[in-house]
Amino acid sequence: MRTAASRLIHSRASLSRLCTMALSRNKRCLSTESNQVEEPFKVEEAETVNAPPPPEEKLLVLGGSGFVGTHVCKEALNRGVSVASLSRSGRSLIRDSWANRMTWHQGNLLSPDSWKEALDGVTAVISCVGGFGSPSYMYKINGTANINAIRAASVKGVKRFVYISAADFGMANYLLQGYYDGKRAAETELLTKFPYGGVILRPGFIYGTRRVGSLKIPLEVIGSPLEMLLQHAKPLSQLPLVGPLFTPPVNVNSVAKVAVRAATDPVFPPGIIDVHGILRYTHQK
Ligand SMILES: NC(=O)c1ccc[n+]([C@@H]2O[C@H](COP(=O)([O-])OP(=O)(O)OC[C@H]3O[C@@H](n4cnc5c(N)ncnc54)[C@H](OP(=O)(O)O)[C@@H]3O)[C@@H](O)[C@H]2O)c1
């Protein structure tokens, strides 16, 4: 006890001696009692700190050459994100100037060896890969292709994965079996592999100007008024059997905006977002 007390007295004395020495040499000792600074404290030389730079956001859009994909790419570029796309056709027919600001990979999600290096350094993925055809083709393109992508992204340590799925269409689910079975299988895989960074968007009909070759099809002519009408009819969309027919269409720019936000905002909640959720997020700043 006495030893500890004498050490304390000794260290206080040493501190005071140090302070006097510093005062006489530099006149810069700060006094806690008077709060006075004799001379402004100057940093003579800055120390070099080797802190790593903040990680760059790098987004890979699967199906970036398609209808929804091109809008997703443009939205992400406008937000200053570094963007790449992967599809079987690569850049193909896209001649717009924005397309020069991104990287175009060519690969098939059904043949994993043709595209895995496209995931190098990627922080987030948005998958716009899907399609129609025979039941087995629809299962492959909506399900297997996306499941392959989800697994590969998870192995590569990608942080966030957004999947453009589709709203339930009641009886149509039965008619388009491979399509919906594939969508739901990919959703299950996503929620398993990305429990904290997986987001599923379930739009109904998506409208906007769709390009088919050199043709531009203005789907907004019917989509926009229907959206205005049906977005306030949520109770009707919950009716059994016919309810899904009242699902409001959604603008392709709204889908792109919510998808990019979900892929780049680290606090965006994981899980499933239905059409009404997409419309709600679209109107948020
Ligand atoms: N459009 C709608 O009204 C609507 C509504 C609800 C949900 N969705 C969903 O939204 C997503 C996008 O739809 P969309 O209308 O934009 O379709 P889309 O125009 O047909 O685009 C599909 C994209 O996927 C690529 N792709 C297809 N198979 C691929 C594969 N095996 N490997 C790599 N890339 C592949 C296509 O490019 P390549 O052919 O060159 O490979 C294309 O870029 C789909 O999942 C769709 O089911 C669409």
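## Close-up views of a predicted model

**View 1. A hairpin built from β8 and β9.** β8 and β9 make a hairpin, with two residues sitting between the strands, and G213 in the turn has a positive phi of about 65 degrees. As with everything shown here, this comes from a predicted model. The two strands, β8 at residues 209-212 and β9 at residues 215-218, pair in the antiparallel sense, and four bridges link them.

**View 2. The open sheet, strand by strand.** Here we have seven strands in an open sheet, and reading across gives β3-β2-β1-β4-β5-β6-β11, with parallel pairing. Which strands stand at the edges? They are β3 (103-106) and β11 (271-274); each has a single partner strand, so one side of each is left without a neighbour in the sheet. Ignoring direction, neighbouring strands of this sheet are turned against each other by 20 degrees on average. A word on what holds such things together: strands of a sheet pair through backbone hydrogen bonds, either parallel or antiparallel.

View 3. β2, residues 82-87, runs in the parallel sense with β3, and the pair is joined over four bridges. For a landmark, find A84 and then its bridge partner in β3, T103. Now bring in α8: this helix packs on the sheet and touches β1 (58-62), β4 (124-127), β5 (160-164), β6 (198-202) and β11. The direction of α8 makes about 160 degrees with that of β5.

**View 4. Where α2 meets α8.** Helix α2 (residues 67-78) packs against helix α8 (residues 252-264) at an angle of about 55 degrees, and their axes are 8 Å apart. That angle is why α2 counts as oblique to α8. The crossing of α2 past α8 is right-handed. On the α2 side, look for F67, V68, H71, V72, E75 and A76; on the α8 side, they meet V252, N253, V255, A256, K257, A259 and V260. Sorted by class, this contact has nine nonpolar residues, two polar and two charged.

**View 5. α8 again, this time with α9.** α8 also packs with helix α9 (residues 275-282), at an angle of about 80 degrees and with axes 9 Å apart. So α8 is roughly perpendicular to α9. From α8, the contact takes in S254, V255, K257, V258 and R261, while α9 brings I278, L279, Y281 and T282. By class, the contact of α8 with α9 splits into five nonpolar, two polar and two charged residues.

**View 6. α3 and α5 side by side.** How far apart are the axes of α3 and α5? They are 6 Å apart, and α3 packs with α5 (residues 177-193) at an angle of about 10 degrees. That makes α3 roughly parallel to α5. Among the residues of this contact, eleven are nonpolar, eight polar and five charged.

**View 7. Around the ligand.** There are 23 residues around the ligand, and those that come nearest are G63, G66, R88, S89 and G130. α2 and α3 (135-155) each supply at least two residues of this shell. Which element gives the largest share? That would be α2, with three residues. By class, the shell around the ligand has 13 nonpolar residues, nine polar and one charged.

Methods. Residues are numbered from 1 along each chain as its sequence is written. This is a predicted model: local features need pLDDT of at least 70, side-chain atom pairs count only at pLDDT 80 or more; totals for chains, interfaces and linings use all residues. Two strands pair if DSSP finds at least two bridges between them. Axes are lines fitted to C-alpha atoms, for helices over the stretch in contact, and angles run from 0 to 180 degrees between N-to-C directions. Angles under 35 degrees count as roughly parallel, over 145 as roughly antiparallel, 65 to 115 as roughly perpendicular and the rest as oblique. A crossing is left-handed if the near helix is turned anticlockwise from the far one by less than a right angle, and right-handed if clockwise. Two residues are in contact if their C-beta atoms, placed from the backbone, lie within 7 Å. Ala, Val, Leu, Ile, Met, Phe, Trp, Tyr, Cys and Pro count as nonpolar, Asp, Glu, Lys and Arg as charged, and the others, Gly among them, as polar. A residue is near a molecule or strand if its C-beta atom, placed from the backbone, lies within 6 Å of it.
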